[in-house]
Amino acid sequence: MCPGSFDPITLGHLDVVRRARSMFDEVVVGIASNSAKSALLAVDVRVALARTALDGIDGVRVEPVDGLLADFLRDVHANAVVKGLRGGADFDAELPMALMNRHLAGVETVFVVGDPALAHIASSLVKDVARYGGAIDDLVPAGVVEAVREALGRRDDT
Ligand code: PNS
């Protein structure tokens, strides 16, 4: 399983999912809520964007995760959680979650090193760049630019 907030999905996420698929026959991309973050895009939008981006990749499917990841891991009989690392800060953030998921569900986390050419891409930065008018079309898969712009526009209207 590749869990995350995917708010929005980026080219970095696609790289990690492809690497996960090279190690496992089946990969479930789980779109979950991170209580430490306030999401820009609704879960159903994030799921739709991820499904479009990963369409046609055999053995990969996208599902919303409603609630605790550990419960979902058990429900889908996941063998492992796969997470990408861009650097040490990612590891520091991921380690407690890996330990907690092992504690709750007995599932191991496998860390993969992503493509260094994509190491500057983070969903939070993508949103920040878009918020201030920068170009994000070479950071995210097709369809995401419009969804982010629309959501940012709606937020500014409120
Ligand atoms: O992309 P993110 O925000 O780093 O992903 C973190 C995420 C969404 C995978 C994590 O917050 C999560 O698993 N959320 C679901 C609720 C849960 O199980 N929380 C306890 C995590 S140990």
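A residue is called buried when its relative accessible area is under 20%, exposed when the area is over 50%, and partly exposed in between, using a 1.4 Å probe and protein chains only. At 68% relative accessibility, H77 counts as exposed. The structure shown is a predicted model, in which local features need pLDDT of at least 70 and side-chain atom pairs count only at pLDDT 80 or more, while totals for chains, interfaces and linings use all residues. Residues are numbered from 1 along each chain as its sequence is written, and side-chain values use heavy atoms, with hydrogens and water left out.

The elements named below are DSSP runs numbered from the N terminus: helices are H or I runs of at least four residues, and strands are E runs of at least two. H77 belongs to the loop between α3 (69–75) and β4 (80–85). Its phi is positive, about 55°, although H77 is not a glycine.

F6 lies in the loop between β1 and α1. Is F6 buried or exposed? With a relative accessible area of 4%, F6 is buried. The loop between β1 and α1 (11–23) also holds P8. A cis peptide bond, with omega of about 5°, joins D7 to P8.

Attention now turns to the strands. Two strands are said to pair if DSSP finds at least two bridges between them. Three strands form an open sheet with parallel pairing, in the order β1-β2-β3. Each of the edge strands, β1 (2–4) and β3 (60–64), pairs on one side only. From one strand to the next, the twist averages 15°; the axes behind such angles are lines fitted to C-alpha atoms, for helices over the stretch in contact, and the angles run from 0 to 180 degrees between N-to-C directions. Strand β2 (residues 27–31) is joined to β3 in the parallel sense over five bridges. V28 has R61 as its bridge partner in β3.

The next topic is the aromatic rings. A pair of aromatic rings is described by the distance of the centres and the angle of the planes. Rings of Phe, Tyr and Trp (its six-membered ring) pair if their centres lie within 6.5 Å; planes under 30 degrees apart count as stacked, over 60 as edge-to-face and the rest as tilted. How many aromatic pairs does a search of the whole structure find? The search finds one. The ring centres of F91 and F111 are 5.7 Å apart and the planes stand at 70°, so the pair is edge-to-face. Because F91 lies in helix α4 (residues 88–105) and F111 in strand β5 (residues 108–113), the pair ties together parts that are 20 residues apart in sequence. F91 is partly exposed, at 33% relative accessible area, and F111 is also partly exposed, at 28%.

Helix α4 also contains L104, which is partly exposed with a relative accessible area of 33%.

Finally, G114 lies in the loop between β5 and α5 (123–131). G114 counts as buried, at 19% relative accessibility. From C-alpha to C-alpha, G114 and K83 are 9.3 Å apart in space, and they are 31 residues apart in sequence.
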